[in-house]
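Please look over the sequence and the model shown below before reading on.

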Amino acid sequence: MNDRMTSAPALPGVRYLLPAIGAPERLDADVVVYGATAGGATAAIAAARKGRSVVLLAFGDHVGGMTASGLGTTDVGDAATVGGLAREFYRRVAHRYRAADPHWDVEAGLAEAILTEWLADSGVQLRRRRHLDGVVMDGQRIAAITTDDGSAYAARVFVDASYEGDLMARAGVSHTVGRESSEVYGEPQAGVQRSWNHQFQRPVDPYVEPGRPESGLLPGISPDPMGATGDGDRRLQAYNFRLHVTTGADRVPFPEPDGYDPGRYELLRRYVDAGVYELYGRCTRVRGEVYDMNNHGAVSSDHIGANYRWPEAGYEEREAIYQDHVRYQAGLLHFLANDRRLPERVRADTRLFGLAPQEFAAQSHWPHQLYVREARRMVAERVVTQHDAAGRGCADPVALASYVMDSHNAKRVVVDGQPVNEGNVQHPLSTPFGVPYRALVPARGECENLLVASAVSASHVAFASVRMEPVFMMLGEAAGTAAALAAADKTAVQDVDYGRLRGDLLAGGAILGTGDGHR
């Protein structure tokens, strides 16, 4: 951790790790799902619909992951590829809004309410503030998992629906972090990539003392070299928070975070001085006067280079990384709204927006979920790669991915005396592609009763398309359905009959090929 990082809350009530509540317990179930993301919720609902007893363990107080934490304008891709429980979720959104079906945009509070009610109606036992502490193995099977409050959860089958793949890793399943080189799978978009989007459009001096490299680099710039196109490394695409902001009169002014340091935005100030201001290029309407604010441009809400340790860090270190992201992004907005070194036009434009008062009231109106766009990824017998996005096809699809391969910048460096962002990939697909069942299960010989619903077996490039929330919901449904079959038949997840799984998914309205229609 660098000197900026502290575990102290940057904003009141905004924390990654919340203390456990309630007495420790011992529970047995047919299926235990770890991670109450949107995909975790659909996994639990799918298994419960098959008549299995299900426990869903939420890391914090909330259900729904990014779908219920500010990602309000859904990255859909081809809407015709979204089926099953994912389609049903957006149908329920439309019903609640009294709008046309489906309704792809959803406010965070409504998304969480729908999922919470759905879980309760399905008979899923939901537990909050359960943080994975240990895994009890019995040969190649997980016998139970323990959480840091002293609870233990046993099951026939487990589903890891966490964005980080924490359960998968603790169970000893093969995985990777970062970007493969282009040689590993023969992917043209792999590894180091010069960014054409979200790139500096004007010259900006990157040095603390302009024109003097010996004075050091401005905050946010790495001393690392650019690297050769296609080189692999362990870097990750950047994280941020997807804020719900509003132009309404009741908007909450962007707060000054604890430890605010305007000096960390000097690069942005110089960029504005050079004539570029583009932060709100990706502020898209969710409903009424509520907008989803995402990263846009060369210097924005993506905290480039600050997340490399996140996937394999312990909870204490993750808390410090989380708070650094809160402090960076809240400070960025406070800076843009108030710093008198900026043009009045920039400050006035920023103050037209504020945090939406009806969302996240218990935590300074700030989202609870850091946008972990990519962390660990399983390495199974079948790895989804760019070749799938080019039309390779698979024999055992359980969901279709259709969004562009969308990976955010991974580092910011200096090239020829100028700051340069690196790693952004926005590469179109040749066709929607199937995510195979084999990408959800560990390789034979590793773990027989674990399915992975988020940190699936995919290369960095292919994962950049798979990682969209509707796809995670569909993968969760597939994992939950397969878990129910494995639990009922007492078989290894690798031996689940794909024909039966496919039939069950299709009966539930899944779209597994271009010939399938919505039901």
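Which residues line the largest cavity?

## Cavities

In this predicted model, the lining of the largest cavity is made up of Met66, Tyr163, Tyr371, Val372, Arg373, Glu374, Ala375, Ser454, Phe463, Arg467, Glu469 and Phe472. The space in the largest cavity is about 70 Å³, and the count of cavities of 30 Å³ or more comes to 4.

In soluble globular proteins, nonpolar side chains tend to be buried together. Here the largest nonpolar core holds 157 residues, and those with the most contacts inside it are Ile145, Tyr437, Leu450, Leu451 and Leu475. Helix H11, spanning residues 469–489, gives the most to this core, with 13 residues.

Leu475 touches Val398, Ala399, Val435, Leu440, Ala453, Val456 and Val466, when residues up to four places away in sequence are not counted.

## Backbone exceptions

Most residues other than glycine have a negative phi, and most peptide bonds are trans. Asp101 and Pro102, however, are joined by a cis peptide bond with an omega of about -5°, and Pro102 is placed in the loop between helix H2 (84–97) and helix H3 (108–121).

His198, although not a glycine, has a positive phi of about 55°; this residue lies in the loop between helix H5 (182–185) and strand S8 (207–209), and His198 counts as buried because its relative accessibility is 15%, under the 20% cut-off. Asp416 also has a positive phi of about 55° without being a glycine, and is found in the loop between strand S17 (411–415) and strand S18 (418–422), where Asp416 is exposed, with a relative accessible area of 78%.

Key
Residues numbered from 1 in each chain as written. Predicted model: local features only at pLDDT ≥ 70, side-chain atom pairs only at ≥ 80, totals over all residues. Heavy atoms only, no water. Core = buried A, V, L, I, M, F, W, Y, C linked by side-chain atoms within 4.5 Å. Buried < 20%, exposed > 50% of the residue type's maximum accessible area, 1.4 Å probe, protein only. Helix = DSSP H or I, 4+ residues; strand = E, 2+ residues; numbered from the N terminus. Contact = heavy atoms within 4.5 Å. 1 Å grid on protein atoms, 1.4 Å probe; cavity = no way out; pocket = protein on both sides within 12 Å on 5 of 7 lines; lining within 4 Å. Points joined across faces, edges and corners; volume = space filled by probe spheres on them.
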